[in-house]
Amino acid sequence: MAIRDILLLGNPRLYERSIECKSADDVERIARDLQDTLLDFREKHGFGRAIAAPQVGERKRMIFMFINEPVVFINPVLRPVGEPDMTVWDDCMSFPGLLVRVKRYSVCKIAYYDLKWQKHHALFRDDLSELIQHEYDHLDGILVVQRAVDNRSFALESQRKWLKSKNF
Ligand SMILES: [Zn+2]
């Protein structure tokens, strides 16, 4: 078990593209580290449903999501469906406290391998679709700040309720 440091905004490694996992890689250890780090972060900050391997400095194409149960996505390939038709205030474990307004596809398809290298296909909608697009971007070195709808699409987390009350 290892709780890893999460790379924070400003660290240039977050902008690097991650490389495909190979069967010789210790994907089980990385998955355990991602789980420990995510659960520790969630306890401290009260948010965080998924984490990408490059956020803990592992330049591997791996995502760990824990909502009702843990799911590991190895070498995922994401295909959006339709148009980017939803606008959300997104947050990121690499910059807690900052919200960024982004446009996302409300539906996307993903193909991936699990820890036993079995292939899976899944379809995500709405907030899960948004979440997997966010994590997938991390694998390509893209942060949500680069996806901002415009140059006013930034807010502090403490403004979330106010933004909602104004329908922003
Ligand atoms: Zn993130």
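A: What follows begins with one residue and then widens to the fold around it. The model is a predicted one, in which local features need pLDDT of at least 70 and side-chain atom pairs count only at pLDDT 80 or more, while totals for chains, interfaces and linings use all residues. Residues are numbered from 1 along each chain as its sequence is written.

Arg 125 lies in strand E7, which covers residues 119-125; helices (H or I, at least four residues) and strands (E, at least two) are DSSP runs, numbered from the N terminus. Leaving aside residues up to four places away in sequence, Arg 125 touches Ser 106 and Val 107, a contact being two C-beta atoms, placed from the backbone, that lie within 7 Å. Gly 46, by comparison, is 79 residues from Arg 125 in sequence, and the two C-alpha atoms are 23 Å apart in space.

Turning to the whole protein, there are three helices and eight strands, and along the sequence they follow the pattern α-β-β-β-β-β-β-β-α-β-α. Of the contacts between residues at least 6 apart in sequence, 68% join residues at least 24 apart, and buried residues make up 30% of the 168 residues. The C-alpha atoms fill a box of roughly 50 × 35 × 30 Å, taken along the principal axes.

How values were computed
A residue is buried if 20 or more other C-beta atoms lie within 10 Å of its own, exposed if 12 or fewer, and partly exposed in between; C-beta atoms are placed from the backbone.
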